[in-house]
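Reader: Hey, I'm new to this one. Could you walk me through it?

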Amino acid sequence: MAQKPSIPKGTRDFIPAEMTKRRYIFDTIRSVFTLFGYHAIETPAMETLDTLMGKYGEEGDRLIFKILNSGEFQQKISAENLSHNSSQQLAAKLCEKALRYDLTVPFARFVVQHRNDIQFPFKRYQIQPVWRADRPQKGRYREFYQCDADIIGSDSLINEIELVQIIDSVFTLFDIPITIKINNRKILSGIAEIIGEPEKIVDITIAIDKLDKIGLENVQKELASKGLTEEAINKLNPILSLSGNYTEKIHTLSQLLDASEIGKKGIEETEYIFSSLSHLSISADVELDISLARGLNYYTGAIFEVKSQTVAIGSICGGGRYDNLTGVFGMPDISGVGISFGADRIYDVLNQLDKYPQEITQTTRILFVNFGEQESQKALQYMQSVRKQNIACELYPDNAKMKKQMKYAHDKDIPFVAIIGEDELRSENITLKNMSTGEQTSHTINSLCTEIK
RNA sequence: GUGGAUGUAGCUCAGUUGGUUAGAGUACUAGAUUGUGAUUCUAGGGGUCGCCGGUUCAAGCCCGGUCUUCCACCCCA
């Protein structure tokens, strides 16, 4: 026997039942994006390696899937290159293309490239797969979909507020209870400035992020090992032990960051966002979380992250403000802000909560039973009328046992079955069976359509 | 990239100190029921025990390697 076929690590097939659920997720997110005035774009699965490299930090570069050049690429590699260069450098010579790692960087490239064709502020959404050479785990795949909405070319904080509303709308539709965590990169910069270690902002935020997991003492140890002085660590203490509700947190922070211009700016922005949200109807819990440190490589203002309150799976949506993402592609001073929904994790959460609307599994509305040549010909005629009423129907293609055809309807969750046998042919009627009640009634084609609509 | 587990029927899992022909539930197919699908009863098909190698008279079980999936770290959606 041939070896069983397989698919690459971290990738998945989807059977029809799974696709139905996934499409429901994509359609829901898409409908909200549209409702808020965003337009769809698509970019290629692969980008040039130059476009992607260096945009995601050292860790990110390692996780980019590279595509081997076609043709006689090996002849261009000198023996010296082969023996002396690192695999990283060699890869750069063997590969000119790579699979996209996220949708934000290709979008920045897109904006720069099409700057004369698009209207600013530019609101776009994009639902496409991305690839990461990560080690797979639960909720972590090598191929997964991101659903991004970004607005570029506007500094207004209205955009941040709108994105929070989008997040809230989407998860309200999914009926997933969530917490939206908000932070601001400028607050983090302010903190680093105040304690006199502006260079160490990344180390500091990563350490703060671990507070829940490893405790205050270990965080302090970690900070010391990163080269922070005892004095600096002591200055950080009030921030590490920051607690209470939003008002208390923001009050403490404004006192601590009074001497930092950038810190004050961050607080001002955050207060504006929270105050505006408080006048809107938002179902999700929204909290200020200064330990939120995601995407430090390019975020410059507000940072968002969404977590399910009931299912532990990492963040299911994230985003933030980036002031100069297009700068690296030669278009400076354009500010953007965006969010990304992790459709595959939302899929996992919904599966766990089993919160799909019942309607989505129903595709065919009525199945016509096949009793043989004459009967199925009649059914085909009837079905034209049914489809004209925009009712999805199908005829069982084989003259199989009725039991089997009934089971087919049952398994496919088809709510109605039309029976046209000898008797019905004679009387010009259709017997309609309601699969949920088991009731059978006699109909003309017109009354049948009305009945099942 | 680091550390730790896992793999037996389509799915969920039993399988004793290594010992005849590897089991159960469920799903599937057929029949009981020749015009009726969530129940019931009966029968049937389906396995290179992840893969490769080693130890042994003998391996699902022991050893080595490899792949997969999963968990923690890292990072992230």
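Predicted model: local features only at pLDDT ≥ 70, side-chain atom pairs only at ≥ 80, totals over all residues.

Reader: Okay. So is arginine 321 buried or exposed?

Author: Arginine 321 has a relative accessibility of 4%, so it counts as buried.

Reader: What does arginine 321 form a salt bridge with?

Author: Its partner is glutamate 160, and the closest N and O atoms are 2.8 Å apart. The pair links distant parts of the chain, with arginine 321 in strand 10 (residues 317–322) and glutamate 160 in helix 7, 161 residues apart.

Reader: And glutamate 160, buried or exposed?

Author: Glutamate 160 is buried, since its relative accessible area is 1%.

Reader: Why would side chains pair like that?

Author: Side chains of opposite charge can pair when their charged atoms come close.

Reader: How many salt bridges does the structure hold?

Author: There are 17 salt bridges in the structure. One of them joins the side chains of lysine 123 and glutamate 162, at 3.0 Å from N to O. Lysine 123 belongs to strand 5 (residues 122–131) and glutamate 162 to helix 7 (residues 158–174), so this pair ties together parts that are 39 residues apart in sequence. Glutamate 162 is buried too, at 16% relative accessible area.

Reader: What about lysine 265, which residue does it bridge to?

Author: Lysine 265 pairs with glutamate 269, with 3.5 Å between the closest N and O atoms. They sit 4 residues apart in helix 13 (residues 261–278), so about one helical turn separates them.

Reader: Which residues are linked in a network of salt bridges?

Author: Arg12, Arg22 and Asp344 are linked that way.

Reader: Switching topic: how do helix 8 and helix 9 cross?

Author: The axes of helix 8 (residues 185–194) and helix 9 (residues 201–209) come within 9 Å and cross at roughly 105°. Angles of 65 to 115 degrees count as roughly perpendicular, so helix 8 is roughly perpendicular to helix 9.

Reader: Which residues make the contact?

Author: Helix 8 brings Arg185, Leu188, Ser189 and Ala192, and helix 9 brings Ile201, Ile204 and Thr205.

Reader: How many of those are nonpolar, polar or charged?

Author: The contact of helix 8 with helix 9 has 4 nonpolar residues, 2 polar and 1 charged.

Definitions and conventions: Residues numbered from 1 in each chain as written. Chains lettered and ligands numbered in written order. Heavy atoms only, no water. Axes fitted to C-alpha atoms, helices over the stretch in contact; angles between N-to-C directions. Helix = DSSP H or I, 4+ residues; strand = E, 2+ residues; numbered from the N terminus. Parallel < 35°, antiparallel > 145°, perpendicular 65-115°, else oblique. Contact = heavy atoms within 4.5 Å. Nonpolar A, V, L, I, M, F, W, Y, C, P; charged D, E, K, R; others polar. Salt bridge = Lys/Arg side-chain N within 4 Å of Asp/Glu carboxyl O. Buried < 20%, exposed > 50% of the residue type's maximum accessible area, 1.4 Å probe, protein only.
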